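Hi,

Here is the structure I promised to pass on. Have a look, and my notes follow below.

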Amino acid sequence: VKDPTAVERANLLNMAKLSIKGLIESALSFGRTLDSDYPPLQQFFVVMEHCLKHGLKVRKSFLSYNKTIWGPLELVEKLYPEAEEIAASVRDLPGLKTPLGRARAWLRLALMQKKMADYLRCLIIQRDLLSEFYEYHALMMEEEGAVIVGLLVGLNVIDANLCVKGEDLDSQVGVIDFSMYLKSDDDIGGKERNVQIAAILDQKNYVEELNRQLNSTVSSLHARVDSLEKSNTKLIEELAIAKNNIIKLQEENHQLRSENTLILMKTQHHLEVTKVDVEAELQTYKHSRQGLDEMYNEARRQLREESQLRQDMENELVVQVSMKHEIELAMKLLEKDIHEKQDTLIGLRQQLDEVKAINMEMYQKLQVSEDAMKEKNEIIGRLEDKTNQINATMKQLEQRLQQAEKAQVEAENEDEKLKQEYVNKSESLQKEFSQKEKQLLQLETDLKIEKEWRQTLEDDLQKEKETISHLRIETQEIVNLKKEFLKLQEKNRQLKRICQDQEAALQELASKLSESKLKIEDIKEANKALQGQVWLKDKEATHCKLCEKEFSLSKRKHHCRNCGEIFCNACSDNELPLPSSPKPVRVCDSCHAILIQRCSSNVP
């Protein structure tokens with residue numbers, strides 16, 4: 001059993017062959033230019049519509065199921081950029097309302113452009129995109145679609161002039177007319193004519209293809225000519241610039257050559273002058289050579305003596321430089337200590353100024369607090385007067401309340417007596433009883449008023465007591481402030497004492513520093529006088545120079561840096577304070593230089 005889809009594809013392929021063949025033959029016999037009313041051309045569009053509809057997938061829409069060929073044809077503009085113009089013109093046509101009408105208009109425009117075969121070939125190559133619109137057994141998905149695209153290439157010999165704008169493409173009925181493709185006697189007799197027509201068509205296709213290739217080569221040659229013209233203009237400009245540069249370089253070369261000749265002339269003249277001078281000097285040199293030899297020998301002897309003296313002086317200079325460095329170090333330390341003392345003095349003065357400012361502020365606060373105390377004492381006196389008045393009024397109210405209570409008790413007693421005495425005389429005494437009740441009500445209202453007044457007076461008294469307590473707290477705070485002020489005054493006095501002590505200490509330090517400077521000057525003078533003396537060796541120094549006692553653990557060695565003398569710690573009592581050391585250092589009695597403590601020869 002044959003596959004029905006394969007039979008459909010074969011039938012559609014045969015119909016496409018017949019319609020394309022008939023259209024070409026009739027166009028060659030009728031004329032190359034065709035219009036939209038030509039029947040074979042209309043049958044060709046119907047056959048192409050059936051071929052494109054074969055195996056098309058049904059798409060759901062909002063109202064019904066839709067089956068149209070506009071979807072795959074609209075995809076061509078994405079694959080072939082030249083088809084964008086056709087798609088845009090089809091969308092802009094005013095009379096088209098359905099996708100099928102747009103597809104028919106697209107086919108007519110593609111035929112007029114002679115690019116229907118190229119458009120459909122790009123569409124057939126993209127099978128994965130076509131699978132979204134067609135079933136796997138559709139004509140466009142199989143080999144028959146490629147055959148139809150090959151047949152469409154022959155339609156390039158036809159020139160079609162179709163009017164798409166006014167034609168009703170939406171409501172056309174696509175029915176194939178098979179009567180046009182039935183054989184007749186004329187067809188049998190015209191086989192030779194068909195062979196000739198096929199040969200002519202082949203030649204035409206060859207010429208058109210050759211024309212296309214020539215057009216492409218001409219366009220490429222035009223682009224190449226344009227690029228060569230641009231590069232030629234650039235090269236001409238560069239050549240002109242290079243020529244200008246060459247002219248400038250030639251001028252510079254000429255100037256340099258002229259300068260070179262001048263320099264050569266000057267140098268030759270200078271060489272001749274120098275030659276004469278050299279000859280004169282050579283003669284004078286020969287005459288003075290003998291005297292110079294004698295002078296050289298004597299100078300050599302003097303040089304040896306001077307070098308020996310210089311060696312000795314360098315050794316002495318090294319010793320003096322080391323001593324000078326030590327003296328400069330001591331001077332720097334003294335100056336540093338002086339600067340530190342000055343900084344501390346400045347800081348203490350600043351603290352003293354701050355303490356003075358604090359004292360002034362505390363004195364002003366004390367005056368303000370004393371004024372406030374006076375005002376608060378006056379307020380307290382007024383409040384005490386008010387409390388005395390309130391107590392007096394309270395006592396009066398209490399007396400009146402007691403009198404009212406006594407009157408009430410008496411009235412009640414009288415009422416009881418009257419009730420007991422005049423029980424039988426109730427009618428006569430009703431008026432009096434009513435009067436008594438009225439009096440009682442009045443007394444009760446008076447009593448309530450007195451109680452309310454007493455309550456208000458008690459509230460006022462409570463408020464006055466609270467204000468008095470607040471005033472007492474404030475007075476206590478003022479007393480505390482007075483105590484703090486006294487403490488601050490005491491601190492101020494202590495700081496003043498400390499400042500005075502420090503100023504005295506600074507004055508003492510200044511006097512000591514002046515003494516130390518004088519001693520340093522004496523040391524410098526002694527150093528100048530004692531230059532050339534050498535330190536005594538440690539093994540040779542066994543006894544103190546002053547007391548002539550032997551060194552031991554209790555009598556330690558102290559070596560003078562300057563004069564080289566060695567003393568014991570008992571004889572070197574002169575001490576000099578240094579800012580770098582917490583303890584004063586010992587000083588030599590003779591040259592006042594700093595003594596170095598050394599280990600005794602008896603102690604390892």
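Which residues are exposed on the other side of α5? Those are Glu85 and Asp92, where exposed means over 50% relative accessible area, buried under 20% and partly exposed in between (1.4 Å probe, protein chains only). Buried in α5 (residues 84-92) are Ile86, Ala87 and Val90. Seen down the helix axis, the buried residues fall within an arc of 95°, so they line one face of α5; the arc is taken over the directions from the axis to the C-beta atoms. Helices here are DSSP runs (H or I, at least four residues), numbered from the N terminus.

Some housekeeping: this is a predicted model, so local features need pLDDT of at least 70 and side-chain atom pairs pLDDT 80 or more, while totals for chains, interfaces and linings use all residues. Residues are numbered from 1 along each chain as its sequence is written, and side-chain values use heavy atoms, with hydrogens and water left out. Mean pLDDT (the predictor's confidence in each residue, from 0 to 100) is 79, with 82% of residues at 70 or more.

Now the rings. The whole structure has three aromatic pairs, meaning Phe, Tyr or Trp (its six-membered ring) with centres within 6.5 Å; planes under 30 degrees apart are stacked, over 60 edge-to-face and the rest tilted. Tyr80 and Tyr119 have centres 5.3 Å apart and planes at 70°, so they are edge-to-face. Both Tyr80 and Tyr119 are buried. Trp106 and Tyr119 make a tilted pair, 5.7 Å centre to centre with 45° between the planes.

Cheers

Definitions and conventions
Helices (H or I, at least four residues) and strands (E, at least two) are DSSP runs, numbered from the N terminus.
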